[in-house]
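Subject: Structure handover

Hello,

Here is the structure for you to look at. My notes on what turned up in it follow below.

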Amino acid sequence: MKTIRYKCWIEEEGVKFYGPGPNELLRRIEKEGSLSKAAAQMNMSYKKAWDLVQRLNLHSKEPLVLLKKG
């Protein structure tokens with residue numbers, strides 16, 4: 001059986017900021033309600049997840065993730 005697979009991402013001025021990894025992170029944040037839990041599930045450091053969210057929010061008209069303490 002043949003399968004077609006592809007990867008898709010969004011770039012701005014040649015810089016990739018949205019693709020499969022950030023998409024997965026957003027899905028897990030929505031499901032868990034927690035950046036730290038989502039990052040842990042993806043074996044990603046909290047710092048890397050935080051930086052990804054900040055970059056996504058920077059490139060969006062409105063924030064995709066609203067972060068709050070607690």
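Glu 24, Arg 27 and Arg 28 are joined in a network of salt bridges. Please keep in mind that the model is predicted.

The cut-off for a salt bridge is 4 Å, from a side-chain nitrogen of Lys or Arg to a carboxyl oxygen of Asp or Glu.

Arg 28 and Glu 24 are four residues apart in helix H1, so about one helical turn separates them. Arg 27 and Glu 24 are three residues apart in helix H1, which spans residues 20-32, and they too are separated by about one helical turn. As for solvent, Glu 24 counts as partly exposed because its relative accessibility is 22%. Arg 28 is partly exposed as well, with a relative accessible area of 24%.

How many salt bridges does a search of the whole structure find? It finds three. One of them lies in helix H3, where Asp 51 and Lys 47 are four residues apart, about one helical turn. The closest N and O atoms of Asp 51 and Lys 47 are 3.0 Å apart. Is Lys 47 buried or exposed? Lys 47 is exposed, at 53% relative accessible area, the limit for that class being over 50%. Asp 51, at 36%, is partly exposed.

Helix H3 covers residues 46-58 and includes Tyr 46. Together with Trp 50 and Leu 67, Tyr 46 makes a nonpolar surface patch of about 280 Å². Tyr 46 has a relative accessibility of 44% and therefore counts as partly exposed; patch members need over 30% relative accessible area.

The largest pocket has a volume of about 340 Å³. Its lining is made up of 13 residues, and those nearest the centre are Gly 33, Ser 34, Leu 35, Leu 67 and Lys 68. Helix H2 (35-41) and H3 are the elements that give two or more residues to this lining. By type, the lining divides into seven nonpolar residues, four polar and two charged.

Regards

Conventions
Residues numbered from 1 in each chain as written. Predicted model: local features only at pLDDT ≥ 70, side-chain atom pairs only at ≥ 80, totals over all residues. Heavy atoms only, no water. Patch = residues over 30% accessible without salt bridge, like charges linked within 9 Å, V, L, I, M, F, W, Y side chains within 5 Å. Areas by Shrake-Rupley, 256 points an atom, 1.4 Å probe, with all protein chains shown as cover. Buried < 20%, exposed > 50% of the residue type's maximum accessible area, 1.4 Å probe, protein only. 1 Å grid on protein atoms, 1.4 Å probe; cavity = no way out; pocket = protein on both sides within 12 Å on 5 of 7 lines; lining within 4 Å. Points joined across faces, edges and corners; volume = space filled by probe spheres on them. Nonpolar A, V, L, I, M, F, W, Y, C, P; charged D, E, K, R; others polar.
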